[in-house]
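Please examine the sequence and the model shown below.

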Amino acid sequence: MIHKIKTTAIALFLGFCAIGQEVEYTEYNLDNGLHVILHQDNTAPVATVGVMYHVGAKDEEAGRSGFAHFFEHLLFEGTENIERGKWFDIVAANGGSNNANTTQDRTYYYETFPSNNLELGLWMESERMLHPVINEIGVETQNEVVKEEKRSRIDNAPYGKIIYSTGINKYVFDKHPYKNSVIGTMEDLDAAELDEFKAFFDKYYGPNNATLVVAGDIDMEKTKDLIEKYFAGIPEGNEVEPVSIEEEPITETITATEYDSNIQIPAKLFVYRTPSMVEKDAYVLDMISSILTDGRSSRMYKKMVDEEKTALQVLAFPRSQEDYGTYVMGALALGETPLDTLATSMDEEIEKLQNELISEKEYEKLQNKFENRFVNSNSSIEGIASSLATYNVLYGDTDLINKEIEIYRDITREDIQRVANEYLNENQRLELDYLPESEKE
């Protein structure tokens, strides 16, 4: 989401460090089903209030793509007690920042305030949940905002269809709604009636489909009292049935070509469908992505960019999701290098992983990299709040905020070889040529 307000004071406060410390938290449920997670850290006088709704693009009905992302915008329009267009003014006037984001699986809203304005953050999120104003003028306004976002991020952005998967997932998924993009189509949004937007809110944005996180400079008992005050009276929503659609395995190579009017340099991509984010093998594939394409010391970079000089850059997007993930790997051609040459080089590196254990030295470097990444993910109050919500909503285990690193530590060199052999095979992937529009016949 484009909307973001920052103040210098908040930016200074968010840099506190939590390196090496276990994140302590308390969690409980209100009678209406709202799950609450509290984390107290009085290092700096700031607090983040976040609400994660278990609704994303995969929950949309056929012909109505983009609803979840649309609500990411729409629910900033105003409420019965917050005048239309004033949400960001209120946050800024009280020294805060806020933002929201949507994925295939969930939508997350948050505010960060000086801790003496914690109550304001809780009230605003309760207003969003209980009293949103969903009307024609708000829908029309945000429809234009979303159209402009789509134009700027996807339609008119170099490699936008790769970055946002609109040129990828439609080939990798057949039945599952992951085949649709998070931003959806403008045709679907234009065709939707106001009553459909209201029904979508009523179905997915109740307290029983949400997790509230409050993290930072808080008093636990006072915070619990405030949560009771603002959230306990919100009626429980309808029971939400999770999406349950299984895809048949990919058993034959899928070949496709996508064109992009914003680029001059073609790319060759391999895309693999991967297991759910909760599976150990998803973590192993995350490590494999790091080995192959993460940074200048990665295998594909050293070979294709430094040594062979066939690629201008290598790229990878390992996307872990609730039901299935995708692993996108590829390279941008240097000069007149044929895309088949890039494909051959990538396959050679995959085959090395399949046939040889990585060295002990490379394995140790890999473990250090993931240790640092894990620590950095919990180095700010905003990061901790987001992690707590994510681990609860999507993994069903809040304590992964402290123990997920153990999953990576338990991954062996043999696991890396096994997973490369199980998932990274030619007959299990999409091979995509991503070309400039000028090459279209």
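The following paragraphs treat a glutamate, the nonpolar cores and an annotated span in turn.

This is a predicted model, in which local features need pLDDT of at least 70, side-chain atom pairs count only at pLDDT 80 or more, and totals for chains, interfaces and linings use all residues. Residues are numbered from 1 along each chain as its sequence is written, and side-chain values use heavy atoms, with hydrogens and water left out.

Glutamate 77 lies in the loop between helix H2 (67–74) and helix H3 (87–93); helices are DSSP runs of H or I with at least four residues, and strands are runs of E with at least two, numbered from the N terminus. Because its relative accessible area is 8%, glutamate 77 counts as buried (under 20%, with a 1.4 Å probe and protein chains only). Its side chain forms a polar contact of 2.7 Å with that of arginine 84 (a pair of N or O atoms within 3.5 Å, one able to donate a hydrogen and the other to accept it). Beyond neighbours within four places in sequence, glutamate 77 is in contact with residues including Gly138, Thr141 and Gln142 (heavy atoms within 4.5 Å).

The largest nonpolar core comprises 60 residues, and Met329 and Leu353 are among those with the most contacts inside it. Such a core is a set of buried Ala, Val, Leu, Ile, Met, Phe, Trp, Tyr and Cys residues joined through side-chain atoms within 4.5 Å. Helix H15 (residues 381–395) gives the most to this core, with nine residues.

In an unreviewed entry, UniProt annotates residues 194–369 as "domain: Peptidase M16 C-terminal"; such annotations may be inferred rather than shown by experiment. The span is 41% helix and 23% strand.

Notes:
Buried < 20%, exposed > 50% of the residue type's maximum accessible area, 1.4 Å probe, protein only.
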